[in-house]
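Student: Can we go through the aromatic contacts in this one? Start with whatever term I need first.

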Amino acid sequence: MVTSFNVPRLVIAAPSSGSGKTTVATGLMAAFSERGLAVSPHKAGPDYIDPGYHALATGRPGRNLDAFMCGPELVAPLFAHGAAGCDLAVIEGVMGLYDGAAGRGELASTAQVAKLLRAPVVLVVDASSQSRSVAALVHGFASFDPQVRLGGVILNKVGSDRHEVMLREALEEAGMPVLGVLRRAPQVSAPSRHLGLVPVAERRRDALDSVTALAEQVRQGCDLEALMALARTAPPLDCEAWSPQRALLPHGQDSAPPAREARGPGLSSGDGAAPVIAVAGGAAFTFSYAEHSELLRAAGAEVVTFDPLRDEALPTGTTGLVIGGGFPEVYAPELSANEPLREAVAAFAAAGGPVAAECAGLLYLARSLDGKPMCGVLDADARMSERLTLGYREAVAVSDSVLAPAGTRLRGHEFHRTVIEPGAGAAPAWGFTHPERRVEGFVADGVHASYLHTHWAAEPSVALRFAEAAAARR
């Protein structure tokens with residue numbers, strides 16, 4: 001069923017990384033939220049740190065729109081799911097406006113997302129080392145793809161009143177509206193380290209102060225009325241909002257049966273109790289796509305968050321364990337010191353409990369991390385390295401697991417500066433088919449552990465299979 005969905009929306013893009021997209025996007029989200037608007041925050045691409053700041057600015061889950069991992073056909077439905085009932089949606093781009101998956105043209109670029117959402121684009125330009133040349137730069141970006149509608153520019157890192165005048169004159173000649181001017185303000189920048197910004201969960205008080213300062217900077221430097229007017233020019237989208245309940249239905253079935261039946265086979269016991277799936281959170285495990293928990297709940301599970309830095313036991317009644325991404329390498333001594341929880345995780349895995357671990361979770365399940373004892377579920381050791389592993393992957397499941405039967409094909413993303421030795425177990429999790437061919441990860445009994453981040457909305461059967469495995473453990 002196709003419906004018409006409309007919400008005012010803006011895509012915040014830039015000529016390149018480091019231009020100030022996150023500053024502007026987060027500041028706009030916070031500034032409009034402070035006006036009492038319900039703002040839906042989104043991030044193009046796989047990044048899991050920026051959405052944490054977006055959530056802090058808006059009070060709503062930060063959601064990713066990734067055309068590589070989920071496919072272009074899911075971008076608009078996932079957007080409509082997240083933005084339902086909102087007054088405005090702000091989508092932060094990824095890298096430069098036209099940069100996408102390597103060797104795949106526009107796939108997964110900000111430009112592709114903007115076209116799929118029929119959304120006007122605001123270009124954030126780092127103007128710190130140019131004046132009249134800004135017009136040539138903006139003209140090139142505006143004319144490169146006629147289907148991308150560039151609605152205006154926000155100038156960032158402007159040095160002085162005189163500098164601003166020169167920039168405005170040049171852009172006026174080019175016929176491009178200037179929707180904001182931000183001066184250099186290092187005091188409101190967020191700290192970063194080896195993989196980008198420091199996540200919100202690690203510095204919540206300071207992060208809140210940063211978001212407040214960003215909102216003030218945007219309020220003073222940007223024309224919020226003009227930006228809202230531009231957002232309202234976005235036409236309706238002809239799509240049906242993604243639904244976790246509907247996503248779990250058998251292929252070809254387009255309407256959900258009653259809620260209990262829609263949860264799949266074997267997920268409810270005679271007393272109606274739901275399987276309890278514990279999801280790692282806290283400062284060391286900051287990353288999980290919002291749709292993962294939504295799919296698990298739609299499959300009939302109760303999702304409970306726990307903090308491996310603080311909690312000494314798994315949540316009561318845990319029958320499934322999800323340990324997603326984050327920065328355990330920063331907290332290796334603290335994680336190691338929590339011996340009761342490490343032993344509980346090891347015992348759960350040894351008893352055949354279903355465990356899904358991605359990236360940070362892989363490190364936590366290892367025997368050691370930078371020499372500090374971890375859970376010892378995997379016969380492997382992890383450490384920091386000098387090499388950054390980054391990029392999209394096409395993968396096929398090598399071994400039957402609690403997530404997928406062998407042969408299942410998924411697209412995912414790697415982003416880490418650690419290595420684990422060995423890199424794969426006797427039964428590997430994934431075989432990568434592009435851009436390189438190798439096997440990776442570990443499957444043993446109920447454990448599936450890998451560096452690969454995946455988006456379950458692309459293959460909802462993963463969530464259902466895991467929930468069924470958790471239900472079978474009650």
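Tutor: A residue counts as buried when its relative accessible area is under 20%. The model here is a predicted one.

Student: How many aromatic pairs does the structure hold?

Tutor: The structure holds eight aromatic pairs. One of them joins phenylalanine 68 and tyrosine 392, which are stacked, with 4.3 Å centre to centre and 25° between the planes.

Student: Where do phenylalanine 68 and tyrosine 392 lie?

Tutor: Phenylalanine 68 is in the loop between strand S4 (63-65) and helix H3 (72-83), and tyrosine 392 is in strand S18 (residues 381-397), so the pair ties together parts 324 residues apart in sequence.

Student: Is tyrosine 392 buried or exposed?

Tutor: Tyrosine 392 has a relative accessible area of 16%, so it counts as buried. Phenylalanine 68 is buried too, at 3% relative accessibility.

Student: What lies over the face of phenylalanine 68?

Tutor: Arginine 411 does, at 4.4 Å from the ring centre.

Student: Next pair. What is the geometry between phenylalanine 285 and tyrosine 364?

Tutor: Phenylalanine 285 and tyrosine 364 pair edge-to-face, at 5.5 Å centre to centre and 65° between the planes. Phenylalanine 285 sits in the loop between strand S12 (276-280) and helix H11 (290-298), while tyrosine 364 belongs to helix H14 (residues 360-365), so this pair links distant parts of the chain, 79 residues apart. Both phenylalanine 285 and tyrosine 364 are buried.

Student: Which residues do ring pairs link into a cluster?

Tutor: Tyr48, Phe287, Tyr289 and Phe415 are linked that way.

Note on methods: Residues numbered from 1 in each chain as written. Predicted model: local features only at pLDDT ≥ 70, side-chain atom pairs only at ≥ 80, totals over all residues. Heavy atoms only, no water. Phe/Tyr/Trp six-rings, centres within 6.5 Å; stacked < 30°, edge-to-face > 60°. Helix = DSSP H or I, 4+ residues; strand = E, 2+ residues; numbered from the N terminus. Buried < 20%, exposed > 50% of the residue type's maximum accessible area, 1.4 Å probe, protein only. Lys NZ or Arg CZ within 6 Å of the ring centre and 35° of its normal.
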